[in-house]
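Please work through each task before reading its solution.

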Amino acid sequence: MAEQITDAAREGDLTSFLDLDRQFHLGLLELRGNRRLVAMVGQLRDQARMQGFKSSRTRAS
């Protein structure tokens, strides 16, 4: 999966990069067996991602 993340970044495929990066990092957390932590981190990552999109749209306008 790390190679897929690197390939997506190299190709400039932001959507794939962000999706794979999320899967990778949440997968690491899942190994700890704490579903609540995985859900919380997933929500925080989603919120940060949306905030980043909003910020980039504001700058582009």
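**Exercise 1.** In this predicted model, is the crossing in which α1 passes α2 left-handed or right-handed?

*Solution.* Viewed as a pair, α1 passes α2 in a left-handed crossing. The residues that make this contact are Q4, I5, A8 and A9 on the α1 side, and S16, F17, L20, D21 and F24 on the α2 side. Sorted by class, the contact of α1 with α2 comprises 6 nonpolar, 2 polar and 1 charged residues.

**Exercise 2.** Determine how α1 and α2 are oriented relative to each other.

*Solution.* Begin with the two quantities required: a packed pair of helices is described by the angle between the axes and the distance between them. For α1 and helix α2 (residues 14-30), the angle is about 155° and the axes lie 8 Å apart. Angles over 145 degrees count as roughly antiparallel; therefore α1 is roughly antiparallel to α2.

**Exercise 3.** State the secondary-structure content of the protein chain and its share of buried residues.

*Solution.* The protein chain contains 3 helices and 0 strands. Along the sequence, the pattern is α-α-α. Of the 61 residues in the protein chain, 11% are buried.

**Exercise 4.** In which helix is confidence lowest, and in which is it highest?

*Solution.* Next, consider the helices. Confidence is lowest in helix α3 (residues 35-60), with a mean of 78, and highest in helix α1 (residues 2-11), at 96.

Notes: Residues are numbered from 1 along each chain as its sequence is written. This is a predicted model: local features need pLDDT of at least 70, side-chain atom pairs count only at pLDDT 80 or more; totals for chains, interfaces and linings use all residues. Side-chain values use heavy atoms; hydrogens and water are left out. pLDDT is the predictor's confidence in each residue, from 0 to 100. Helices (H or I, at least four residues) and strands (E, at least two) are DSSP runs, numbered from the N terminus. Axes are lines fitted to C-alpha atoms, for helices over the stretch in contact, and angles run from 0 to 180 degrees between N-to-C directions. Angles under 35 degrees count as roughly parallel, over 145 as roughly antiparallel, 65 to 115 as roughly perpendicular and the rest as oblique. A crossing is left-handed if the near helix is turned anticlockwise from the far one by less than a right angle, and right-handed if clockwise. Contact means heavy atoms within 4.5 Å. Ala, Val, Leu, Ile, Met, Phe, Trp, Tyr, Cys and Pro count as nonpolar, Asp, Glu, Lys and Arg as charged, and the others, Gly among them, as polar. Buried means under 20% relative accessible area, exposed over 50%, partly exposed in between (1.4 Å probe, protein chains only).
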